[in-house]
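Here is a short briefing on one protein structure. Look at the sequence and the model first, then read the points below.

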Amino acid sequence: MLRRRVLAACTATVAVGALGLAGLTGTASADPSPRLSPAAADQLSPGLLKAMQRDLGLTADQATERIGNESRAAAVAAGLRRSLGTGFAGARVSGGAAELTVATTDATDTGRIAEAGARAVVVDHSLAELDSAKAVLDRVALRKAPKDVPVWYVDVRTNRVVVQAGRVAAADAFLAAAGVARDLVTVTQSAERPRTFADLRGGDAYYMNGSGRCSIGFPVKRGTQSGFVSAGHCGTPGVSTSGYNQQAQGSFQGSTFPGRDYSWVATNTGWTPRPLVNGYGNGDVTVTGSTEALEGSSVCRSGSTTGWHCGTVQQRNTSVTYQEGTVSGVTRTNVCAEPGDSGGSFISGSQAQGVTSGGSGNCSQGGTTYFQPLNPALQAYGLTLVTSGTPTDPPDPTDPPTNPGGSWAAGTSYAAGDVVTYGSASYRCLQGHQAQPGWTPPNVPALWQAL
């Protein structure tokens with residue numbers, strides 16, 4: 001298969017912090033020509049840029065500029081989401097310049113949005129309202145996957161929950177069973193038949209019990225234990241794995257499918273986690289974080305069957321029905337994929353996005369592919385993404401977890417967005433993880449952002 005409204009000043013603080021993470025110069029104020037810093041631009045993979053040129057019709061300079069534009073837009077949107085509170089109705093980018101559009105249900109918010117450099121749209125339904133309606137559909141589907149209703153998602157562009165169905169009557173029955181108000185929903189007909197992208201053919205990547213093949217998503221850590229995340233449908237806890245060279249590698253420690261589609265594999269000491277994505281002969285991609293890209297942003301996928309392919313993020317918070325059941329919370333893209341690509345990396349610039357779940361079509365004719373967002377998987381299993389800012393050595397367990405006068409504590413599980421104090425300073429969590437002795441907020445910029 002395959003919060004509460006806060007002071008406007010917080011918007012700028014959040015945006016500037018995210019800009020720093022993305023390697024962008026400038027501030028959160030409107031900038032008609034944002035650019036990646038030279039250092040950040042130099043870190044972009046030649047293979048990723050080449051795939052963006054092929055699949056998105058861009059030059060290398062245009063691809064680099066687009067990544068910078070999209071990173072800046074994501075930072076501004078994150079700040080506005082916190083500032084607008086319950087009125088926030090979604091954000092998206094469009095075009096190579098990544099023009100940012102932010103929707104709100106409160107017309108008095110339009111000035112604030114414009115001041116941040118974004119286009120404001122006033123709509124009827126908040127993102128929270130649409131997400132709540134979709135969550136009801138997800139609960140119904142979890143009990144029994146709907147027949148002839150392959151996909152449904154929240155579409156911030158139309159301000160609706162879109163339900164794709166092979167037959168309109170099937171969609172009607174699904175909505176009736178869930179009791180979702182029809183004024184929140186648009187039904188469209190679709191012949192899509194999503195499938196998983198795992199297979200039983202040989203190749204590189206990794207193998208399950210020496211037979212089925214999937215692709216590694218991203219290297220991770222859980223304390224001192226190394227491993228990687230992949231798709232849940234690739235294996236169940238206890239299933240052993242071997243690497244691309246057929247050497248013993250590890251075993252699945254956690255797996256969720258259907259419902260969600262993520263898993264994690266613990267590896268033996270013969271495998272060293274690196275903050276890299278396979279560039280398939282065009283230079284590996286360095287992973288620096290896991291900031292989510294906005295709808296409309298460019299995104300690329302690396303998989304063991306088809307290598308690099310790119311497209312755009314179409315809709316987040318999508319639900320898709322495979323033969324095995326319904327998976328919710330995935331992201332819909334127009335990137336192609338084929339069997340064996342399951343579990344592989346989705347990345348935008350240097351920011352990890354998720355692991356390949358499934359889809360329809362192929363890389364000869366094109367298609368639709370869904371990925372499981374990475375951050376929920378990290379949070380579910382208490383994992384830390386390995387990035388270029390992650391300490392290369394594990395924390396020393398003998399280091400005392402001292403934090404005079406602060407709230408941070410070793411052994412505590414933190415989610416992205418949590419704020420702690422260490423000493424006299426405050427820090428915001430950048431990715432979900434379980435705190436380890438020695439990896440204190442000042443020492444791990446990949447995990448914590450100083451406020």
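**Nonpolar cores**

Within the largest nonpolar core, which has 37 residues, Leu100, Val102, Leu137, Val163 and Leu294 touch the most other members. A nonpolar core is a set of buried Ala, Val, Leu, Ile, Met, Phe, Trp, Tyr and Cys residues joined through side-chain atoms within 4.5 Å. Buried means under 20% relative accessible area, exposed means over 50%, and partly exposed is in between (1.4 Å probe, protein chains only). This is a predicted model, in which local features need pLDDT of at least 70, side-chain atom pairs count only at pLDDT 80 or more, and totals for chains, interfaces and linings use all residues. Residues are numbered from 1 along each chain as its sequence is written, and side-chain values use heavy atoms, with hydrogens and water left out.

- Helices (H or I, at least four residues) and strands (E, at least two) are DSSP runs, numbered from the N terminus.
- Val102 is in contact (heavy atoms within 4.5 Å) with residues including Leu80, Phe88, Ile113 and Val121, leaving aside its neighbours within four places in sequence.
- A second, separate core has 29 residues, among them Ile67, Val287, Val355 and Leu378.
- In soluble globular proteins, nonpolar side chains tend to be buried together.

**Second largest pocket**

- The second largest pocket holds about 630 Å³ of space. Its 24 lining residues include Ile216, Pro219, Tyr244, Leu276 and Asn278, which are the closest to its centre.
- On a 1 Å grid over the protein atoms alone, a pocket is an open set of points where a 1.4 Å probe fits, with protein on both sides within 12 Å along at least five of seven lines; lining residues have an atom within 4 Å of a point. A volume is the space filled by probe spheres set on the points, which are joined across faces, edges and corners.
- At least two lining residues come from each of β11 (225–230), β15 (276–277) and β17 (298–303).
- The lining has 10 nonpolar, 11 polar and 3 charged residues. Here Ala, Val, Leu, Ile, Met, Phe, Trp, Tyr, Cys and Pro count as nonpolar, Asp, Glu, Lys and Arg as charged, and the others, Gly among them, as polar.

**Aromatic pairs**

- The count comes to 7 aromatic pairs. Rings of Phe, Tyr and Trp (its six-membered ring) pair if their centres lie within 6.5 Å; planes under 30 degrees apart count as stacked, over 60 as edge-to-face and the rest as tilted.
- Tyr244 and Trp271 are an edge-to-face pair, 6.1 Å centre to centre with 85° between the planes. Tyr244 lies in the loop between β12 (240–242) and β13 (248–256) and Trp271 in the loop between β14 (262–267) and β15, so the pair ties together parts that are 27 residues apart in sequence.
- Tyr244 counts as exposed because its relative accessibility is 53%.
- Tyr206, Phe228 and Phe252 form one aromatic cluster.

**Backbone details**

- Most residues other than glycine have a negative phi, and most peptide bonds are trans.
- The peptide bond from Phe257 to Pro258 is cis, with omega near -10°; Pro258 lies in the loop between β13 and β14.
- Asn159 is not a glycine, yet has a positive phi of about 60°. Asn159 is buried because its relative accessible area is 3%.
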